[in-house]
Amino acid sequence: MGVKLAAGTAWTDPACPVARTVDLIGDRWSLLIIRDAIDGVTTFTEFHQRLGIARNILTDRLRKLVEHGILDKSATDGRRHTYRLTEAGQDLFTAVVALRQWGERHAFVSGEPHSHLVDGQGRELPELHPLDRDGAPLSAEASHVRKIG
């Protein structure tokens, strides 16, 4: 299942996967909602308490993430809803880990405390690195975008 923009909205750069991703989830609050959903947050109240986001903005971002197929929304009773990552939303885990690891390297001064992402046994995750088809490390200098026609 592919994610989609809301009806009547145009892609910023229709042929670019990065631009389409940013169109779907590129604002601050959407990424933080996805981060918290990965961390197990499922209700409006939990998102609101953890993020400190205005209720109207949270409502809008949750609605858009559901419309775009990144979150599923289900009713738990007459008024409350539960939000869960769809398969497309779960696929964002690697992107969130990459952003986290970039932040650990570049957004903190040496020795400054920050949270740590750990596996089920409490071990920090290894750094993500793109690899070529042969398993060798790949850099920005050693790759390029093949544009379409």
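**Why these labels? A tutorial on the model**

Tutor: Sorted by class, the lining of the largest pocket holds 11 nonpolar, 4 polar and 8 charged residues. This is a predicted model, so local features need pLDDT of at least 70, and side-chain atom pairs count only at pLDDT 80 or more, while totals for chains, interfaces and linings use all residues. Residues are numbered from 1 along each chain as its sequence is written, and side-chain values use heavy atoms, with hydrogens and water left out.

Student: What makes a residue nonpolar, polar or charged here?

Tutor: Ala, Val, Leu, Ile, Met, Phe, Trp, Tyr, Cys and Pro count as nonpolar, Asp, Glu, Lys and Arg as charged, and the others, Gly among them, as polar.

Student: And what makes a space a pocket, rather than a cavity?

Tutor: On a 1 Å grid over the protein atoms alone, a cavity is a set of points where a 1.4 Å probe fits but cannot get out; a pocket is an open set with protein on both sides within 12 Å along at least five of seven lines. Lining residues have an atom within 4 Å of a point. The largest pocket has about 610 Å³ of space, a volume being the space filled by probe spheres set on the points, which are joined across faces, edges and corners. Its lining has 23 residues, and those closest to the centre are Leu32, Arg35, Val96, Arg100 and Ser115. Helices H2 (28-38) and H6 each give two or more residues to this lining, and H6 gives the most, with 8.

Student: How do you know what counts as a helix or a strand?

Tutor: Both are DSSP runs numbered from the N terminus: helices are H or I with at least four residues, strands are E with at least two. By that rule the protein chain has 6 helices and 2 strands, in the order α-α-α-α-β-β-α-α.

Student: Why are strands S1 and S2 called paired?

Tutor: Pairing needs at least two bridges found by DSSP, and S1 (residues 71-75) and S2 (residues 81-85) are joined by 5 bridges, so they pair. The two strands run antiparallel and form a hairpin with 5 residues between them. Ser74 stands opposite Thr82 in S2.

Student: Why is Thr82 called buried?

Tutor: Buried means under 20% relative accessible area, exposed over 50%, and partly exposed in between (1.4 Å probe, protein chains only). Thr82 has 9%, so the residue is buried. Contact means heavy atoms within 4.5 Å; leaving out residues up to four places away in sequence, Thr82 touches Thr42, Asp72, Lys73, Ser74 and Thr76.

Student: Which other residues are buried?

Tutor: Among them are Phe47 and Tyr83, and, in helix H1 (residues 17-25), Ala19, Leu24 and Ile25. The buried residues of H1 pack against H2 and helix H4 (55-67).

Student: What makes Phe47 and Tyr83 an aromatic pair, and of which kind?

Tutor: Rings of Phe, Tyr and Trp (its six-membered ring) pair if their centres lie within 6.5 Å; planes under 30 degrees apart count as stacked, over 60 as edge-to-face and the rest as tilted. The count by this rule is 1 aromatic pair. The ring centres of Phe47 and Tyr83 are 6.4 Å apart and their planes stand at 70°, so the pair is edge-to-face. Phe47 lies in helix H3 (residues 44-51) and Tyr83 in strand S2, so the pair ties together parts that are 36 residues apart in sequence.
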